[in-house]
Amino acid sequence: MKYKLVLFDLDGTLTDTLEAIAKSVNSAFEELNLKTYTLTECSRLIGNGIAGIADKVFAMEKYDENTITPEVMKEILRKHYGKHYNYNVKLYEGIEKLLDFLEENNIKAGIVTNKDHGLALDTVEKNLSKWKFVDIIGASDKEHPRKPSSYGIDKISEETGIKKEEILYVGDMDVDVQTAKNSGVDIVYCKWGFGTLKGEENIPEDIKVDTVDEIIEKINKVTPLHEGRISDFASPLKPYGFRGFFIRDERFHADASFLQNPVKCYGKGVVGFVERDEIKVKTEWIDKWKIFTARANNIGTELNDDNFN
């Protein structure tokens, strides 16, 4: 497998927190005697943490800073989010299966989110404590920049010693796509998240997924480009120095009892043996490598065994 580390966004990717965010936002704005929002409207405010919500609301509603300042709004938002951060929070469908798959295959997991750092830790503790994460990095305006900065991904890459080409980032918004681009890692865009609710456009189709199974499939099938093809290492006609019709060679034996150091060989419908000393090519592979190729003989000819292709 190519990936040794999968990093996740949190809200909208692992956890459906829309109701919690909406309740926190509206509770805060009710206290401030400001306009409140529907669930759909709240989804359009998400993407850059509590600070980002305040920034968007100020830009959208053009509030007079003589009446309410962004700093006060952020303070009140954080107070109410601290009360309601886990309100009706649930994991998206298939997330348990995905995290179990990573653990079963010894692939590390981590979280890089724009949710305030303390609340990110609390959300994970309440909803994702069954699984181990190498690190959880949330937003902290005083300590480090928010996404789309590459800070979080870079930090975990350095901590774990895992190269960027071995990291997959899983998110649900354009800010996640830009974060992955800035850090130089592969990205998966989850269509079940907030970006789709917001109607984000210009997201490349080839990074979008509808289900967790598509993420697992991507992890399973992708291999590093630098590993090359099997034909770069072994001849397709003579993989160990023998032709494919070697079963008719006098060196191929059905019985191994009289051989000093037999090596089992698999031919077309036949299993036999050859003396190890007869193998002159790729001898270091004999006890380590096993190559499976699908049966496809005489394609384009009229031989009878075309029926087996």
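A cavity, on a 1 Å grid over the protein atoms alone, is a set of points where a 1.4 Å probe fits but cannot get out, and its lining residues have an atom within 4 Å of a point. A volume is the space filled by probe spheres set on the points, which are joined across faces, edges and corners.

The model here is predicted, so local features need pLDDT of at least 70 and side-chain atom pairs pLDDT 80 or more, while totals for chains, interfaces and linings use all residues. Residues are numbered from 1 along each chain as its sequence is written, and side-chain values use heavy atoms, without hydrogens and water.

**Exercise 1. Find the volume of the largest cavity and describe its lining.**

Step 1. The volume is about 190 Å³.

Step 2. Look for the centre: of the 18 lining residues, Asp-11, Ile-46, Gly-47, Gly-49 and Lys-115 are the closest to it.

Step 3. Now turn to the elements, where helices (H or I, at least four residues) and strands (E, at least two) are DSSP runs numbered from the N terminus. Helix H3 (49–61), strand S4 (108–116) and helix H8 (174–183) each supply at least two lining residues, and S4 gives the most, with four.

Step 4. Sort the lining by class, with Ala, Val, Leu, Ile, Met, Phe, Trp, Tyr, Cys and Pro as nonpolar, Asp, Glu, Lys and Arg as charged, and the others, Gly among them, as polar. This gives seven nonpolar, five polar and six charged residues.

**Exercise 2. Describe how helix H5 and helix H10 pack.**

Step 1. Take the axes, which are lines fitted to C-alpha atoms over the stretch in contact, with angles from 0 to 180 degrees between N-to-C directions. Those of H5 (residues 95–104) and H10 (residues 212–221) come within 9 Å and cross at roughly 20°.

Step 2. Name the arrangement: angles under 35 degrees count as roughly parallel, over 145 as roughly antiparallel, 65 to 115 as roughly perpendicular and the rest as oblique. H5 and H10 are therefore roughly parallel to each other.

Step 3. List the contact (heavy atoms within 4.5 Å). Ile-95, Lys-97, Leu-98, Phe-101 and Leu-102 of H5 meet Val-212, Asp-213, Ile-215, Ile-216, Ile-219 and Asn-220 of H10.

Step 4. By class, that contact has eight nonpolar, one polar and two charged residues.

**Exercise 3. Work out the arrangement of helix H1 and helix H4.**

Step 1. H1 (residues 18–31) and H4 (residues 70–84) pack at about 130°, with axes 8 Å apart.

Step 2. That angle makes H1 oblique to H4.

Conventions
On a 1 Å grid over the protein atoms alone, a cavity is a set of points where a 1.4 Å probe fits but cannot get out, and a pocket is an open set with protein on both sides within 12 Å along at least five of seven lines; lining residues have an atom within 4 Å of a point.
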